[in-house]
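Here is a short report on one chain. Look over its fold first, then its aromatic rings.

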Amino acid sequence: MAKKKKKKKKLGPLLLCFVSLFVILGTTYTIGKYWMEIYGKYQEKASLKKELASLKDKEEELAADVTKLQDADYIARYAREKYYYSKDGEYILRIPEEEK
């Protein structure tokens, strides 16, 4: 009987060690998993901030274009430059651009 009691006494601390190790590893895994998710969200937030800034710039450009397109003189000048429209008695000479 003395041998069985010694075995039980040795088994208790060993079992406690394995349970503690399991708890520590499980906690470490869970913390690591959540940390990776948080890190991914920070990266996504940074890229979305850049995209938002780009879209705001584009919105400002489009708003400026809307303002310009409400002016009849601008529309006439734009049509003459872009689509080579001319006024009566006006000739359009196309000059090729120099390559750099």
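This is a predicted model: local features need pLDDT of at least 70, side-chain atom pairs count only at pLDDT 80 or more; totals for chains, interfaces and linings use all residues.

## Surface and overall form

Residues are numbered from 1 along each chain as its sequence is written, and side-chain values use heavy atoms, with hydrogens and water left out.

How many helices and strands does the chain have? The secondary structure comes to 2 helices and 0 strands. Helices (H or I, at least four residues) and strands (E, at least two) are DSSP runs, numbered from the N terminus. The radius of gyration is 37 Å, well over the 13 Å that the globule rule gives for 100 residues, so the chain is more spread out than a compact globule. This radius is taken over C-alpha atoms, and the rule is 2.2 Å times the number of residues to the power 0.38. Along its principal axes, the C-alpha trace spans about 125 × 35 × 15 Å. Of the 100 residues, 2% count as buried (under 20% relative accessible area; exposed is over 50%, partly exposed in between, with a 1.4 Å probe and protein chains only).

The whole structure holds 3 aromatic pairs (ring centres of Phe, Tyr or Trp, with its six-membered ring, within 6.5 Å; planes under 30 degrees apart are stacked, over 60 edge-to-face, the rest tilted). In one of them, the rings of W35 and Y39 have centres 5.5 Å apart and planes at 10°, so the pair is stacked. Both residues lie in helix α1 (residues 2-69), 4 residues apart, about one turn of the helix. W35 is exposed, at 51% relative accessible area. Y39 is partly exposed, at 42%.

## Rings in helix α2

Y74 and Y78 are also stacked, because their ring centres lie 6.1 Å apart with planes at 25°. They sit 4 residues apart in helix α2 (residues 72-83), about one helical turn. Y78 is partly exposed, with a relative accessible area of 36%. Ring pairs link Y74, Y78 and Y83 into a cluster. Just after α2, Y84 takes a positive phi of about 60°.
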